Amino acid sequence: MISAPASSSAEPEPSASVVEFAARHYGVSHAADFGIDQPALARILSCVLNQRDPAANDVPELSFLNSLRLEELVLSRACAGGNELAWEVFLNRYRDTLYETAYKVAKDDAAAHSLADSLYAELYGVDSRGQHRRSKLLYYQGRGSLQGWLRTVVVQEWINHCRSAKRETSLDEQLEQGAQFQAPEPKPAMADARIEAAVGAELATLDAEDRFLLVAYFLDRRNLAEIAKLLGVHESTISRRLERTTLGLRKRICKRLVQAGMSKREAEEVMEDVDVRDLQVRVTETLRQEMPDISFYKHKEPQG
């Protein structure tokens with residue numbers, strides 16, 4: 001059996017509990033199908049565990065491991081390692097998702113194929129010049145579905161492409177029109193560090209789809225219809241998920257604030273007063289965890 005690439009010397013060896021978890025779940029992970037042995041699976045899990053946001057370290061190790069989409073995590077790592085069978089499974093399972101999402105955002109067959117093809121290269125680990133690089137699939141951490149993560153990546157790649165094209169002309173056009181550029185307003189400071197710590201810890205537990213939704217709605221200020229169009233779902237679906245995500249976050253943040261020494265009433269009052277956009281530095285940094293090669297755009301582009 002061919003083992004997966006070993007962890008770097010800077011990474012600690014898997015703990016006994018991780019090794020035991022890998023052995024117990026080896027069969028259901030389908031790691032053997034792609035030539036990944038039990039020690040290699042344990043290293044993959046240990047790496048994911050060590051890379052989680054420090055704010056989420058209070059989540060019990062076993063609970064964290066049980067929350068992972070193990071089979072999809074293994075598939076992504078096998079693909080990143082160049083396993084041909086894994087790529088065959090991946091393409092059969094996700095090819096339609098990638099193209100359909102690309103077409104929904106690009107609204108043009110040629111542009112959709114170009115977007116999907118460029119993303120295939122990045123997932124495979126080849127840049128635009130044909131040089132090998134780190135596969136983007138290594139950024140998938142098994143939290144949330146791989147399909148949902150891929151949809152998010154496609155949408156972000158299209159946004160990045162549009163922003164890149166727009167930057168080439170927008171500055172000159174604005175200068176020609178006599179635009180005046182003002183210094184950015186200073187970001188408000190938080191009065192209580194416990195608020196930021198609680199928000200950061202809870203945001204770190206969200207999966208990629210929920211992170212994208214919060215960024216799009218609260219930071220980029222897109223409306224429900226725009227987000228629904230980007231993701232190819234009905235507006236009511238976005239509305240329900242946004243409400244479920246924000247209500248759940250509110251409850252969990254309040255709970256952390258109480259644990260940090262606030263009374264329940266104080267915590268509830270804080271949540272009434274705080275605006276998520278006042279936490280933009282912390283929110284943006286946390287929401288970008290696990291997707292370091294994807295740049296969430298900071299401002300909504302003018303329509304026109």
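Guide: Take Y124, which counts as partly exposed because its relative accessibility is 45%; buried means under 20% relative accessible area, exposed over 50%, and partly exposed in between, with a 1.4 Å probe and protein chains only. The model is predicted, so local features need pLDDT of at least 70 and side-chain atom pairs pLDDT 80 or more, while totals for chains, interfaces and linings use all residues. Residues are numbered from 1 along each chain as its sequence is written, and side-chain values use heavy atoms, without hydrogens and water.

Visitor: How many aromatic pairs are there?

Guide: A pair of aromatic rings is described by the distance of the centres and the angle of the planes. Rings of Phe, Tyr and Trp (its six-membered ring) pair if their centres lie within 6.5 Å, and planes under 30 degrees apart count as stacked, over 60 as edge-to-face and the rest as tilted. By this rule there are 5 aromatic pairs. In one of them, the ring centres of W87 and Y124 are 5.3 Å apart and the planes stand at 45°, so this pair is tilted. It joins distant parts of the chain, 37 residues apart, with W87 in helix α6 (residues 84-106) and Y124 in helix α7 (residues 109-124).

Visitor: Is W87 buried or exposed?

Guide: W87 counts as buried, because its relative accessibility is 10%. W87 and Y124 also belong, with F90 and Y94, to one aromatic cluster.

Visitor: Which geometry do Y99 and Y103 show?

Guide: Y99 and Y103 form a tilted pair, with 6.1 Å from centre to centre and 35° between the planes. Y99, at 24% relative accessibility, is partly exposed, and so is Y103, at 40%.

Methods. Helices (H or I, at least four residues) and strands (E, at least two) are DSSP runs, numbered from the N terminus.
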